[in-house]
Amino acid sequence: MKSSEQINELAAALSKAQSDMGGAVKDSANPFFKSNYADLTSVIKAIKQPFSGAQINVINDLIADTGTDSVKFCKAFKIAFVNDLLTLQYDRAVAALEAKK
């Protein structure tokens with residue numbers, strides 16, 4: 001498994017995502033305990049945008065650091081804009097850009 005000694009980019013992205021996150025909405029009821037809780041959908045809604053934004057920042061930084069042509073990058077991943085990169089493609093994109101360093 002390929003890993004990196006430095007996690008500064010990841011740590012910065014996670015810190016930014018965490019600061020952008022709000023709390024998950026407790027919109028489901030548990031009648032047994034007479035309480036409300038945040039179901040999985042609420043949690044996903046709370047974290048989806050901040051994490052995707054942080055991932056895009058990491059990709060943009062790697063594109064700049066490696067001198068990659070963003071148009072060619074988008075063509076390689078069959079997307080119109082870097083922001084269109086799917087979460088499923090993120091690891092592959094980071095690995096491809098890291099290999100250029």
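Okay, let's start with a definition: when I say helix, I mean a DSSP run of H or I at least four residues long, and the helices are numbered from the N terminus. One more thing before we go in: what you see is a predicted model.

So, the overall layout. The chain has four helices and two strands.

Now let's go inside. In soluble globular proteins, nonpolar side chains tend to be buried together. Here, the largest nonpolar core has 15 residues. Which of them touch the most other members? They are Ile59, Phe73, Val82 and Leu85. The elements giving two or more residues to this core are α2, which is 40-66, α3, which is 70-76, and α4, which is 87-99. Helix α2 gives the largest share, five residues.

Let's zoom in on valine 82. Which residues is it in contact with, once you leave aside its neighbours within four places in sequence? You get Ile56, Ile59, Asn60, Ile63, Phe73 and Cys74.

A pair of rings is described by the distance of the centres and the angle of the planes. The count here is two aromatic pairs. For phenylalanine 32 and phenylalanine 33, the centres are 5.0 Å apart and the planes are at 85°; anything over 60 counts as edge-to-face, so that's what this pair is. The other one joins phenylalanine 73 and phenylalanine 77, with 4.9 Å between centres and 40° between planes, and it is tilted. Buried or exposed, for phenylalanine 73 and phenylalanine 77? Both are buried, whereas phenylalanine 32 and phenylalanine 33 are both exposed.

Staying on the surface, have a look at Leu40, Val43 and Ile44. They form a nonpolar patch, with about 270 Å² of accessible area together. Leucine 40 belongs to helix α2. Its relative accessibility is 63%, and the cut-off for exposed is over 50%, so leucine 40 counts as exposed.

Most residues other than glycine have a negative phi. Lysine 34, though, has a positive phi of about 50°, and lysine 78 has a positive phi of about 55°. Where are they? Lysine 34 is in the loop between β1, 28-30, and β2, 35-37. Lysine 78 is in the loop between α3 and α4. As for accessibility, lysine 34 comes out at 77%, so it counts as exposed. Lysine 78 is exposed too, with a relative accessible area of 77%.

Last stop: glutamate 98, over in helix α4. Its relative accessibility is 29%, so glutamate 98 counts as partly exposed. How far is it from aspartate 65? In sequence they're 33 residues apart, and in space they're 9.5 Å apart, C-alpha to C-alpha.

Definitions and conventions. Residues are numbered from 1 along each chain as its sequence is written. This is a predicted model: local features need pLDDT of at least 70, side-chain atom pairs count only at pLDDT 80 or more; totals for chains, interfaces and linings use all residues. Side-chain values use heavy atoms; hydrogens and water are left out. A nonpolar core is a set of buried Ala, Val, Leu, Ile, Met, Phe, Trp, Tyr and Cys residues joined through side-chain atoms within 4.5 Å. Buried means under 20% relative accessible area, exposed over 50%, partly exposed in between (1.4 Å probe, protein chains only). Contact means heavy atoms within 4.5 Å. Rings of Phe, Tyr and Trp (its six-membered ring) pair if their centres lie within 6.5 Å; planes under 30 degrees apart count as stacked, over 60 as edge-to-face and the rest as tilted. Patches are made of residues with over 30% relative accessible area and no salt bridge: like charges are joined within 9 Å, nonpolar side chains (Val, Leu, Ile, Met, Phe, Trp, Tyr) within 5 Å. Accessible areas come from the Shrake-Rupley method with a 1.4 Å probe; for residues, only the protein chains shown count as cover. A salt bridge is a side-chain nitrogen of Lys or Arg within 4 Å of a carboxyl oxygen of Asp or Glu.
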